[in-house]
Protein chains: 2
Amino acid sequence: MTAAACVLCDTPGGRLVFEALDYRVIHADEAGFPAFYRVVWRAHAREFTDLSAAERMRCMDAVAVVEQCLRAHLSPDKINLAALGNAVPHLHWHVIARFASDSHFPGSVWAGAVRERVAAQELAIAGKLPAIEHDIVQQLLALRSH
Amino acid sequence: MTAAACVLCDTPGGRLVFEALDYRVIHADEAGFPAFYRVVWRAHAREFTDLSAAERMRCMDAVAVVEQCLRAHLSPDKINLAALGNAVPHLHWHVIARFASDSHFPGSVWAGAVRERVAAQELAIAGKLPAIEHDIVQQLLALRSH
């Protein structure tokens with residue numbers, strides 16, 4: 001199912017990391033948050049409960065893999081998960097590694113900045129993305145073969 | 001498992017709607033958002049992936065029930081789901097019915113207001129909470145008996 005003029009039906013929505021039959025994982029290019037991924041459901045589902053129970057489980061298993069890989073490589077102060085979709089009502093899960101020193105912590109990434117960004121920290125995180133994404137791909141491939 | 005000085009270990013964190021063995025559902029008293037619930041994991045888990053796969057499924061099944069009941073009674077413009085926990089790192093899922101006319105839409109509830117609140121709309125929503133919560137309880141009891 002696709003929808004006319006939906007940016008997540010028409011485009012990947014970010015740099016593609018992994019593509020499964022019913023979802024994909026992308027890296028989101030969000031200033032100040034280098035470790036920001038999204039699990040995007042392939043079909044144009046508006047709400048989480050538009051998915052069947054089995055689909056919800058597959059979706060959240062993917063979210064959990066991304067979260068776990070971020071934790072393993074970055075030891076973030078917190079992971080933030082969210083499915084909002086007010087602007088783009090096509091199911092996508094934000095999976096964001098948060099650090100106490102990032103520009104918005106402890107606020108959400110959707111609130112205002114509370115301090116300056118630290119370029120050196122962002123670069124250090126960005127340098128770990130290839131290893132993180134290698135693990136994401138391997139673990140999602142392993143999920144699929146179950 | 002409980003943690004010292006954790007508000008979600010020490011208090012319900014809102015008006016209790018349902019209590020299961022490993023989670024509870026509360027109504028959150030958040031100004032401007034009358035249909036704002038939380039699924040709070042009982043144990044002091046910091047991150048979603050601190051739960052086992054089976055626990056994650058039980059947790060998200062509860063989130064889905066709350067979402068579905070909000071949709072059935074309120075036909076919101078969007079449901080927002082989030083597990084952030086930057087301030088209170090004890091796993092809790094926000095489940096929020098959003099309306100195009102609410103004070104923050106299409107922004108997140110954690111961003112700034114973009115328009116005035118509409119008391120009449122908030123009251124109309126609040127009037128439906130008893131029926132919503134009746135359904136939440138019935139459906140969560142049904143889940144538990146599976």
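This is a predicted model: local features need pLDDT of at least 70, side-chain atom pairs count only at pLDDT 80 or more; totals for chains, interfaces and linings use all residues.
**Exercise 1. The sheet**

In which order do the strands of the open sheet follow one another, and how are they paired?

*Solution.* The open sheet has 10 strands in the order β1(A)-β2(A)-β3(A)-β5(A)-β4(A)-β4(B)-β5(B)-β3(B)-β2(B)-β1(B), and the pairing is antiparallel. At the edges stand β1 (15–19) of chain A and β1 (15–19) of chain B, each with a single partner strand, so one side of each has no neighbour in the sheet. From one strand to the next, the twist averages 20°.

**Exercise 2. Pairs of strands**

Work out how many bridges join β4(B) to strand β4 of chain A and how many join β4(B) to β5(B), and name a pair of partner residues in each case.

*Solution.* As a starting point, strands of a sheet pair through backbone hydrogen bonds, either parallel or antiparallel. Where the two chains meet in the strand order, strand β4 of chain A (residues 78–83) and β4(B) run antiparallel and are joined by three bridges; here A:L81 has B:A83 as its bridge partner. Within chain B, β4(B) and strand β5 (residues 92–98) are joined by five bridges and also run antiparallel, with B:I79 standing opposite B:A97. A further pair can be checked in the same way: five bridges join strand β2 (residues 23–27) of chain B to strand β3 (residues 36–41) of chain B, again antiparallel, and B:I26 stands opposite B:R38.

**Exercise 3. The faces of β4(B)**

Decide whether the residues on each face of β4(B) are buried or exposed.

*Solution.* First, recall that in a regular strand the side chains alternate between the two faces of the sheet. On one side of β4(B) are B:K78, B:N80 and B:A82, on the other B:I79, B:L81 and B:A83, and all of these are buried, which leaves both faces covered. Because six of the six residues of β4(B) are buried, this strand is largely enclosed by the rest of the structure.

**Exercise 4. Helix α2 of chain A**

Describe where α2(A) lies relative to the sheet and how α2(A) crosses α4(A).

*Solution.* Begin with the sheet: α2(A) lies across β2, β3, β4 and β5 of chain A together with β5 of chain B, and runs at about 15° to β5(A). Turning to the other helix, the axes of α2(A) (residues 53–74) and α4(A) (residues 129–144) come within 9 Å and cross at roughly 145°, and this crossing is right-handed. Among the residues that make the contact are A:V65, A:C69 and A:L70 of α2(A) and A:I132, A:I136 and A:L140 of α4(A). Sorted by class, the contact has 11 nonpolar, two polar and two charged residues.

**Exercise 5. From the core to an exposed residue**

Find which members of the largest nonpolar core touch the most other members, and then decide whether A:S75 is buried or exposed.

*Solution.* The largest nonpolar core has 69 residues, of which A:L70, A:W93, B:L70 and B:W93 touch the most other members. Beyond four places in sequence, A:L70 touches several residues, including A:Y37, A:I79, A:V95 and A:S75. Since its relative accessibility is 58%, A:S75 counts as exposed, the cut-off being over 50%. Its contacts, leaving aside neighbours within four places in sequence, are with A:L70 and A:F99.

Notes. Residues are numbered from 1 along each chain as its sequence is written. Chains are lettered from A and ligands numbered from 1 in the order in which they are written. Side-chain values use heavy atoms; hydrogens and water are left out. Buried means under 20% relative accessible area, exposed over 50%, partly exposed in between (1.4 Å probe, protein chains only). Helices (H or I, at least four residues) and strands (E, at least two) are DSSP runs, numbered from the N terminus. Two strands pair if DSSP finds at least two bridges between them. A nonpolar core is a set of buried Ala, Val, Leu, Ile, Met, Phe, Trp, Tyr and Cys residues joined through side-chain atoms within 4.5 Å. Contact means heavy atoms within 4.5 Å. Axes are lines fitted to C-alpha atoms, for helices over the stretch in contact, and angles run from 0 to 180 degrees between N-to-C directions. A crossing is left-handed if the near helix is turned anticlockwise from the far one by less than a right angle, and right-handed if clockwise. Ala, Val, Leu, Ile, Met, Phe, Trp, Tyr, Cys and Pro count as nonpolar, Asp, Glu, Lys and Arg as charged, and the others, Gly among them, as polar.
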